[in-house]
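Please open the model in your viewer and keep the selection panel at hand.

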Amino acid sequence: MNSGTRSLRGGARVAVLALLWGSTFLWIELALRDLSPLQVTFVRCLLGALVLTVACYASGRRLPRGRTVWRHIVVAAFFCNALPFALFSLGQQTVESGLAGVLNATTPLWSIALGLALGSERGLRPVRLTGLMLGFAGTILILAPWQSAGATGWGALAILGAAASYAVAFTYMGRTLVRRGTPTISLSAAQLIAASGLTAVALPVGGLESIDPGPVVVVAALVLSVFCTAITFHLTYRIINDEGATNAAVVGYLLPVVSVLLGAIVLGEGLSVRVVLGMAVVLVGVGMTRRKDPTATAPARTGEAEQEAEEEAEEEDTPAKAPRRPALENAG
């Protein structure tokens, strides 16, 4: 594949992922008009699992086998799917979709904070440490706890909890599931099946109310489940395999921009100068934390080359061998 084709392909992937992930919050907002937060979460997991399971068997793969791998899948499903999906739906009862996307952009900051707590982030350079502090300062600016009109309610805290849950999940998935000999389509399908089971257990708490969804809600639930959950979640696994590629960071920077624009255009949401400034500070902080050490040894292959090798290996049902990397730090 020549460099021009590869660049065009990478640009298209960035645009598609940014649009799908960034629009997640819009579809959640619409689905919540007639569905409870747990109902949105369950439908999202169940339909997403159905799509990926069909895709898994259609591609000639099978679901993972063995107690150990399924034990890891259940843990990952809780922190990457069931818990954050529910927290986003709960939070968006009081938080607008655009702001939800902005708060979701704090996931990389939680990832570094988790790495520091676990000792996996050693020798944090001043620029990345400054970025970490700057990112959280931007979050505080968005929440504005000193103002009675600030976004200090439980909804914003729930969304921050979802972002932190993603950070835990991606770290866990990178250490226990990725590059262990199981195709990513099998892992993503199995994880959404497990998430569906976990969510079903919680339905009696607040998801058994009778529903009469209108056409808009039905369409929103379908788009959210198929495109913003099944497709993007599988691509999330692929990006975890290819962490280190520039595209992963670029998508993360575009997510809040897409969510804010869609919220403003489709739902008529407004943003104060304070929130816009806070969003800019968060993104600058995230960008600083993503800066690589110029003295570090360059990897043997670029992220794009690794991805191509992984794709070829999966076509042969034999995953490419590569060192494990830190997990993806953004998702919706």
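Begin by selecting P37, V40, T41, R44 and C45 in α2, which meet A82, F85, A86, S89 and L90 in α3; contact here means heavy atoms within 4.5 Å. The residues of this contact divide into seven nonpolar, two polar and one charged (Ala, Val, Leu, Ile, Met, Phe, Trp, Tyr, Cys and Pro count as nonpolar, Asp, Glu, Lys and Arg as charged, and the others, Gly among them, as polar).

The model is predicted: local features need pLDDT of at least 70 and side-chain atom pairs count only at pLDDT 80 or more, whereas totals for chains, interfaces and linings use all residues. Residues are numbered from 1 along each chain as its sequence is written, and side-chain values use heavy atoms, with hydrogens and water left out.

Now select S186, which lies in helix α8 (residues 184-206); helices are DSSP runs of H or I, at least four residues, numbered from the N terminus. Is S186 buried or exposed? S186 counts as buried because its relative accessibility is 0% (buried means under 20% relative accessible area, exposed over 50%, with a 1.4 Å probe and protein chains only). Its side chain reaches the backbone oxygen of R62 at 2.7 Å. Leaving out residues up to four places away in sequence, S186 touches C56, R61, R62, L63 and P64.

Finally, move to L255 in helix α10 (residues 246-266). At 1% relative accessibility, L255 also counts as buried.

Conventions. Helix = DSSP H or I, 4+ residues; strand = E, 2+ residues; numbered from the N terminus. Polar contact = N/O pair within 3.5 Å; in protein donor to acceptor, adjacent residues only side chain to side chain.
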